[in-house]
Amino acid sequence: MNPQPLQPTQHGPPLLELRQVSLTLAVGGAKQLEVLRDIDLEVREHEVVAVLGPSGCGKSTLLRVALGLEQPTSGQVFHRGQARRELQPATALVFQNFALFPWLTVHENVALGLAPTLVDEAERAQRIHRVIHVVGLEGFEDAYPKELSGGMKQRVGFARALAADPELLCMDEPFSALDVLTGEALRNEVVDLYTSKTSPLNSILLVTHSITEAVFMATRVVIMAAHPGSIRAVVDVPLPYPRDEHHPAFLKLSQHIHALITHAVMPEPAPAPEPGPPGPRLQSIPTVSLVATIGLLEILENEGEMGLFDLTHHVDTDFTQLLLIVKAAELLGWATTPGERVKLTEEGHRFLSADIHVRKQLLNAKLREIFVFRLVLEMLERSPEHQVEEEVVLGQLALHFPHERPQRILRTLIAWGRYAALFRYRSTSKIFWAQPPPTP
């Protein structure tokens with residue numbers, strides 16, 4: 001029987017509160033970067049709060065502030081009504097990449113979640129045994145991480161976090177490094193733990209990039225926008241557990257969140273600026289492949305313009321990933337998004353109709369207008385040898401875009417630049433070249 005929508009549940013008192021939290025980082029010299037602005041967020045007892053938003057909007061930074069790992073520039077963090085500026089002792093974190101020590105067994109990795117001074121040996125052993133049982137790791141106590149699958153490794157991460165009996169479990173995209181089936185299974189198991197009356201799991205703060213995951217797990221969904229990171233909307237999820245992803249209420253709520261994220265990521269164009277010299281604009285690039293972006297153009301040419309929600313189902317990909325692909329097509333001048341519809345431009349038609357050599361020429365000219373590629377080209381031009389080491393480029397990307405993942409930008413920059421014959425890159429020496437390297 002499919003579940004029917006219910007009214008929002010009455011949750012307990014506030015467990016964690018962020019009030020008017022802002023965070024600004026120094027990124028070199030007198031330059032400042034505003035990462036978070038005026039964040040008001042509340043996590044109550046007995047609820048699951050999912051934070052959604054585009055890459056670089058500060059979701060993980062927000063989580064670090066909530067945990068006390070990062071101190072806000074302004075505003076305050078409260079735990080049960082008391083202002084705190086240090087590490088939150090009543091919270092625990094599950095990482096995206098497992099974060100296990102390869103030389104320790106499952107039992108020893110789980111034991112790291114308990115400080116030796118907090119409990120005696122008997123209590124320590126009891127807790128470790130209990131959480132290993134809760135996450136289904138019996139029989140693997142003496143196994144090392146190299147002997148475990150990705151799903152089992154993440155179970156160890158959950159067990160380690162739960163060992164301390166946290167009031168709030170924080171999770172930073174905990175299922176994104178797993179295959180689809182394993183991620184689906186673990187999502188269901190976490191929901192089962194949360195809804196079980198015998199489980200120690202109380203409240204959850206989840207960072208995710210998946211709308212389906214957020215609606216499947218959360219009682220409230222927080223939608224963030226980027227540059228700077230800010231909260232644009234908070235949506236209640238009044239659906240009972242277990243949830244059916246094909247139920248009309250689930251789909252309707254997912255579509256509503258699609259629209260909110262679309263507006264947050266790709267708002268309506270701002271009014272034209274006043275006449276005068278333009279100010280400097282630092283522009284990153286969506287970290288997606290050109291193949292996927294060109295594939296989008298092919299779909300638009302075959303199907304005509306499409307709404308974003310319809311396009312998501314047509315390409316069978318995650319909505320936030322699709323938005324990055326659409327933003328890449330917009331950045332390259334191949335598509336526009338009037339009224340949340342994606343439409344092929346004349347430049348997009350011209351690119352598709354060209355042969356491979358003309359495509360490279362067109363893309364070469366377009367990339368020269370984009371900041372990150374211009375940055376590399378200027379570095380190559382200033383170098384006497386017309387070559388630059390990868391680490392130098394990576395350092396500049398980290399300096400200009402500290403709120404994003406510079407390694408991802410670097411990989412995308414290399415892939416796009418190689419396709420367009422903008423520069424040469426040698427992976428063995430990790431060097432960019434302005435011209436073909438000399439023959440050895």
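## Close-up views of a predicted model

View 1. His400 is buried, at a relative accessible area of 16%; buried means under 20%, exposed over 50% and partly exposed in between, with a 1.4 Å probe and protein chains only. This is a predicted model, in which local features need pLDDT of at least 70 and side-chain atom pairs count only at pLDDT 80 or more, while totals for chains, interfaces and linings use all residues. Residues are numbered from 1 along each chain as its sequence is written, and side-chain values use heavy atoms, with hydrogens and water left out. His400 belongs to helix 14 (residues 390–400). Helices (H or I, at least four residues) and strands (E, at least two) are DSSP runs numbered from the N terminus. Val372 is 28 residues from His400 along the chain, and their C-alpha atoms are 9.4 Å apart.

**View 2. Glu213 in helix 6.** Helix 6 spans residues 211–217 and includes Glu213. Is Glu213 buried or exposed? Glu213 is buried, with a relative accessible area of 6%. Leaving aside residues up to four places away in sequence, Glu213 touches Phe175, Arg187, Leu206 and Thr208. Contact here means heavy atoms within 4.5 Å.

**View 3. Helix 12 against helix 15.** Helix 12 (residues 356–367) crosses helix 15 (residues 406–419) at roughly 130°, and their axes come within 8 Å. Helix 12 is therefore oblique to helix 15. Angles under 35 degrees count as roughly parallel, over 145 as roughly antiparallel, 65 to 115 as roughly perpendicular and the rest as oblique. Axes are lines fitted to C-alpha atoms, for helices over the stretch in contact, and angles run from 0 to 180 degrees between N-to-C directions. From helix 12, Ile356, Arg359, Lys360, Leu363 and Leu367 meet Trp416, Gly417, Arg418 and Tyr419 of helix 15. The residues of this contact divide into five nonpolar, one polar and three charged. Ala, Val, Leu, Ile, Met, Phe, Trp, Tyr, Cys and Pro count as nonpolar, Asp, Glu, Lys and Arg as charged, and the others, Gly among them, as polar.

**View 4. Helix 11 against helix 12.** Helix 11 (residues 346–353) packs on helix 12 at about 140°, with the axes 8 Å apart. Helix 11 contributes Glu347, Arg350, Phe351 and Leu352; helix 12 contributes Arg359, Leu362 and Lys366. Three residues of this contact are nonpolar, none is polar and four are charged.

View 5. Four strands make an open antiparallel sheet in the order 2-1-4-5. Two strands pair if DSSP finds at least two bridges between them. Strand 2 (32–44) and strand 5 (82–84) are the edge strands, each pairing on one side only. Neighbouring strands are turned by 30° against each other on average, direction ignored. Five bridges link strand 1 (residues 14–26) to strand 4 (residues 74–79) in the antiparallel sense. Ser22 stands opposite Ser74 in strand 4.

**View 6. The hairpin of strands 9 and 10.** Strand 9 (residues 220–225) and strand 10 (residues 230–236) run antiparallel, joined by six bridges. Ala225 stands opposite Ser230 in strand 10. Four residues lie between the two strands of this hairpin. In the turn, His227 has a positive phi of about 60°.
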